[in-house]
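User: I would like to learn how to read the surroundings of a ligand and the packing of helices. Could you take me through them step by step?

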Amino acid sequence: MSTRTAVITGASAGIGAATATSLAEAGFHVVLGARRLDRVEQLARQTSGTALPLDVTDADSVASFVEQIPECHVLVNNAGGAKGLERVEAADEDHWRWMWETNVLGTMRVTKALLPKLVASGDGHVITVTSIAGHEVYDGGSGYTSAKHAQSALHRTLRSEHLGDPVRMTEIVPGAVETEFSVNRFDGDADRAAKVYQGYEPLVAEDVADVITFAATRPPHVNLDQIVMKPRAQLNGSRFHRE
Ligand code: NAP
């Protein structure tokens, strides 16, 4: 069988970087997109992949990214994140705009642009990393939970719209994963970010990457629709067992 190509957005860190490594180990040619080109270039050297600049919030950047990808079998919509933890009464519009642009419109833009290639591959697969925040709410989280709910709705709509096409759709729904996520959420405040993961063992990026690779390596007729994964000590977005 010829080499299949997997495109990963937000491959410069965390879950995206671990997924690129894992999919490359599983035999995929990986195409790595992110704004920090130096990081994806370094990872591309380690994985024999291709690094390309990508800002999912910029339509021109997405168009030029996709133009440079001749074929695509797997798309991992991973670029995203959170900004702030303000209650609605103190909502920060810039934070909301960032979260909606990156998680929701970014996923729409990249998926829309790559769908023709995914269908043409004869065995395409869209894997979207949403979050448990896409399925529940918590105090201070409305900007992120609303964006992740919208991203999840977008992804699940694809499953319906492309029923009958040779494209699978998998939603990955993680709980707490220790990455740069919380440092970015709290604007570089590493102490505040560390507290999110204190007193229990969080997931690490490689745990999520393993599951993404498992989904991507099932036979073409097997569609894993939705995979929810959390640390054992996490019940939901606001309840943890901390030692
Ligand atoms: P991370 O370590 O902060 O990585 C985020 C990635 O997204 C980076 O590679 C970043 O690359 C990329 N990104 C951000 N804005 C982008 C843009 N405009 N264009 C292109 N790439 C962009 O966080 P992570 O935990 O791995 O998060 C990955 C995904 O998992 C996100 O969608 C997040 O919402 C979701 N998730 C995370 C957790 C968690 O607890 N960590 C839980 C559930 C779901 P550049 O900055 O180089 O562009």
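User: How many nonpolar, polar and charged residues does the shell around the ligand have?

Analyst: Ala, Val, Leu, Ile, Met, Phe, Trp, Tyr, Cys and Pro count as nonpolar, Asp, Glu, Lys and Arg as charged, and the others, Gly among them, as polar. Here the shell has 13 nonpolar, 14 polar and five charged residues. This is a predicted model, in which local features need pLDDT of at least 70 and side-chain atom pairs count only at pLDDT 80 or more, while totals for chains, interfaces and linings use all residues. Residues are numbered from 1 along each chain as its sequence is written, and side-chain values use heavy atoms, with hydrogens and water left out.

User: Which residues come nearest to the ligand?

Analyst: A residue is near a molecule if one of its heavy atoms lies within 4 Å of it; of the 32 residues around the ligand, Ser12, Ile15, Arg35, Tyr144 and Thr179 come nearest.

User: Which polar side-chain atom lies 2.7 Å from an oxygen atom of the ligand?

Analyst: A polar contact is a pair of N or O atoms within 3.5 Å, and the atom you ask about belongs to Arg35.

User: How are two packed helices described, and what is the angle between H4 and H5?

Analyst: Two packed helices are described by the angle between their axes and the distance between the axes. Helices are DSSP runs (H or I, at least four residues), and axes are lines fitted to C-alpha atoms over the stretch in contact, with angles from 0 to 180 degrees between N-to-C directions. H4 and H5 pack at about 15°, with their axes 8 Å apart, which makes H4 roughly parallel to H5, a term for angles under 35 degrees.

Note on methods:
A polar contact is a pair of N or O atoms within 3.5 Å; within protein, one must be able to donate a hydrogen and the other to accept it, and residues adjacent in sequence count only if both atoms are side-chain atoms. Angles under 35 degrees count as roughly parallel, over 145 as roughly antiparallel, 65 to 115 as roughly perpendicular and the rest as oblique.
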